[in-house]
Amino acid sequence: MTPTTEARVLQALGNYLKRDPATIPVDAVLRDDLGLDSMATIELLYQVEEAFDLQIPDEDLQGLQSVRDVVAYVNGRLSSSPPANPDKSAKGVTSPRPTTKSTKAVKKKRR
């Protein structure tokens, strides 16, 4: 039996917080109840992206306030779209964020 989305999200959150996932309520608000600041929330959601092989667009981050929100979001994404790239199982391959021209120019100047 494969773990549910909720169990996998709680596992990712437990790993990030270094706590037993069973002690994390699904109704917990990421910022208020779990003490995550903006950066910690982004890092957690990156782990969720990795666990489910999906990419969470920046504009969707603001709506993910509680553990339940994250679970519902992931369930919605998994049911509405196929995996972005099934060949990402190679070690060390991650979901790159889109790079803008200005970011590319900055990187080029640093070389």
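Me: How many helices and how many strands does the chain have?

Reply: In this predicted model, the chain has five helices and zero strands, and its pattern, read along the sequence, is α-α-α-α-α.

Me: Why is Glu 49 called buried?

Reply: Glu 49, which lies in helix 2, has a relative accessible area of 5%, and because buried means under 20% relative accessible area, Glu 49 counts as buried. For the chain as a whole, 29% of the 111 residues count as buried.

Me: What makes the approach of Glu 49 to Ile 56 a matter of polar atoms?

Reply: A polar atom of the side chain of Glu 49 lies 2.6 Å from the backbone nitrogen of Ile 56, and a polar contact asks for a pair of N or O atoms within 3.5 Å. Ile 56 also has a place in the largest nonpolar core, where it is one of the residues that touch the most other members.

Me: Which other residues touch the most other members of that core, and which elements give two or more residues to it?

Reply: The core has 24 residues, and besides Ile 56 those with the most such neighbours are Leu 13, Leu 30, Leu 34, Leu 36, Val 67 and Val 70. Two or more residues come from each of helix 1 (5-17), helix 2 (38-52) and helix 4 (67-80). Val 70, leaving aside neighbours within four places in sequence, is in contact with Val 9, Leu 30, Leu 45, Val 48 and Leu 64. As a general point, nonpolar side chains in soluble globular proteins tend to be buried together.

Me: Why is helix 1 called oblique to helix 2?

Reply: The two helices pack at an angle of about 135°, with their axes 10 Å apart. Because an angle over 145 degrees would count as roughly antiparallel and 65 to 115 as roughly perpendicular, helix 1 is oblique to helix 2. Their crossing is right-handed, and the residues that make the contact include Val 9, Ala 12 and Leu 13 of helix 1, and Leu 44, Val 48 and Phe 52 of helix 2.

Conventions
Residues are numbered from 1 along each chain as its sequence is written. This is a predicted model: local features need pLDDT of at least 70, side-chain atom pairs count only at pLDDT 80 or more; totals for chains, interfaces and linings use all residues. Side-chain values use heavy atoms; hydrogens and water are left out. A nonpolar core is a set of buried Ala, Val, Leu, Ile, Met, Phe, Trp, Tyr and Cys residues joined through side-chain atoms within 4.5 Å. Buried means under 20% relative accessible area, exposed over 50%, partly exposed in between (1.4 Å probe, protein chains only). Helices (H or I, at least four residues) and strands (E, at least two) are DSSP runs, numbered from the N terminus. Contact means heavy atoms within 4.5 Å. A polar contact is a pair of N or O atoms within 3.5 Å; within protein, one must be able to donate a hydrogen and the other to accept it, and residues adjacent in sequence count only if both atoms are side-chain atoms. Axes are lines fitted to C-alpha atoms, for helices over the stretch in contact, and angles run from 0 to 180 degrees between N-to-C directions. Angles under 35 degrees count as roughly parallel, over 145 as roughly antiparallel, 65 to 115 as roughly perpendicular and the rest as oblique. A crossing is left-handed if the near helix is turned anticlockwise from the far one by less than a right angle, and right-handed if clockwise.
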